[in-house]
Amino acid sequence: MTDPQLVLTERVQQALARAFGSEHADADPLIRPSQFADFQANVAMSLAKRLRRAPREVAEAIKTELSDFPGTVEVSGPGFLNITLDDSWIESEAQRMLADPRLGVGTITPAQTVVIDYSAPNAAKEMHVGHLRTTIVGDSLARLHEHLGNTVIRQNHLGDWGTPFGMLIEHLLDIGEEAAVAQLEAGMGTEFYQAARVKFDGDEAFKQRARVRVTTLQSGDAETLRLWHVFMDATVRYFNKVYKLLGVTLTDADIAGESMYNPMLEKTCDDLETSGTAVLSEGALCVFPPGFTGSDDKPLPLIIRKSDGGYGYATTDMAAIRYRVHDLKTDRILYVVGSEQALHFRMVFAGARLAGWLPDTVSAEHVQIGMMLGKDGRRFKTRSGESTKLTDLLHEAIDRATAAIADRGYDEATTKEIAQAVGMGAVKYADLSVSHDSEYILDFDRMLAFTGNTGPYMQYATARIRSIFRKAGITPAEATGPIALGEPAERALGLHVLGFGELLAQVATESEPHRLCAFLFQTASLFSTFYEECPVIKDGVDPAVRQQRLSLCALTLRVLETGLDLLGVPVPERM
Ligand code: ARG
């Protein structure tokens, strides 16, 4: 364990137990970073109340028990404990981290199986910017859990089934397979859908054909299924283009769309009805999970079979949760989906618990994704007012990145490579650096800025450390220590990076990649200060000092590289 705050927490808890009895061993010592010392512990105040003793006296007693602590402890004010770690402790921990291939990042034991449901665009509509964000956040969580030793099962819950497919297949037949495939592969799914919709609304004969087609699809007719595959395969090829451009880890093997659950839906409903979990209400089969009421105080139904016999989104999610627990044997399910679906998921989770399909040992969590807004603060749309093609949006980011680095004198191939990394890094980092459940304004100028908490800044900070090594004529791997932290800027940087492993564990627990962004941003900022104040490769720097500082550079570089990799943000070699 290397995280200073965690080490301190444990030490203070032991001190509390020794001073006041083991019943205090679990008390939260309330340790926070402080401006007067490395950390401040505020536990003495709250404890003093309970013990009916003077806070300063309680603080002194804790201090006495901390005598073997590798640092200095002072009591100040009404009973604060100001704690400063010894430089030598920070140095040796940093050294240990540098020597550790895992950079002090532990693995979760026992390892968990984590299902991550993310991306999940709808084939029958469009892949829109909202899906971009669930894709990016979900992918980062998948990378992080894998890094921490968990088994990750990615589930791309595509919207690939349902009544719209009747009209989509008929439209496909109207325009011809080849033309349809070309259109879908090019990301014109929305236009395709809209054209079908227009005919459906205006042409009675088409509407009739579409209705019949839904029935033949549901009944498993071979030719209809073939046409459905033609449509889906072309659509998925477009999704894959987006994933590839973004460097997202999803593959075809991760597709577990709504259609996959279709054969299970009848049994899902039957089992829920037989067990009494679902009841008929006005002809529809419904689950009424306790605690959900509508505005009129009437119990709110989760409709799993409509009165016309049709299944819906909720039916599929009930089948999916059972499959994930029972077949995939998951310990945890993360649903990385828009926050507007919060009620749906709360009801599905409650319904599944009621049915006994989601035992207490399995946690189901909705990682709510806030809506993407345009610069005008309204739901994001492109300039023309049409919803935008995702690849256009991504290419716009790349074009802007190209313009931003145009004057740097790279040849065409290098420019292209850097621009792609910077453009995609900017989009991804912007999505990730804001808390996932807050709304998010898509603003190219801001996300592509080379200063502030942005992708390009983080990439630049990383590339800069790499260039230091190029100038020094050694590789980062050759900077193996020792680490010395004599200067305040060195010490601050060293102390900060020690928290990396614990931070990652917390980000995985809380599903909060934005905290990793904040940590990395602070790392880069502290590095900047260090590099300004402490010459590394300048002429005249003592060779031993140079080696020590290069070692701190190497440690920082690995923290940034590892962290950005877990965010899925690529780092170009130079910028
Ligand atoms: N396709 C859905 C949408 O775009 C998201 C699916 C999320 N996952 C799920 N298991 N319901 O809204």
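The centres of domain 1 and domain 2, taken over C-alpha atoms, are separated by 66 Å. The model is predicted: local features need pLDDT of at least 70 and side-chain atom pairs count only at pLDDT 80 or more, while totals for chains, interfaces and linings use all residues. Residues are numbered from 1 along each chain as its sequence is written.

Domain 1 covers 4–85, domain 2 covers 164–243 and domain 3 covers 455–567; these bounds come from an automatic or database domain assignment. An unreviewed UniProt entry places the feature "domain: DALR anticodon binding" at residues 458–575; the positions follow the numbering used here, the feature name is shortened, and such annotations may be inferred rather than shown by experiment. In the model, that span is 69% helix and 0% strand, and its end C-alpha atoms lie 11 Å apart. Helices (H or I, at least four residues) and strands (E, at least two) are DSSP runs, numbered from the N terminus.

Four strands form an open sheet in the order S6-S5-S10-S11, with parallel pairing; two strands pair if DSSP finds at least two bridges between them. Strand S6 (151–155) and strand S11 (363–369) each have a single partner strand, so one side of each is left without a neighbour in the sheet. Strand S10 (residues 332–338) pairs with S11 over seven bridges, and Arg-332 stands opposite Ser-363 in S11.

S10 also takes part in the shell around the ligand: S10 and helix H13 (313–326) are the elements that give two or more residues to this shell. The residues surrounding the ligand include Asp-117, His-157, Asp-317, Tyr-335 and Val-337, a residue being near if its C-beta atom, placed from the backbone, lies within 6 Å.
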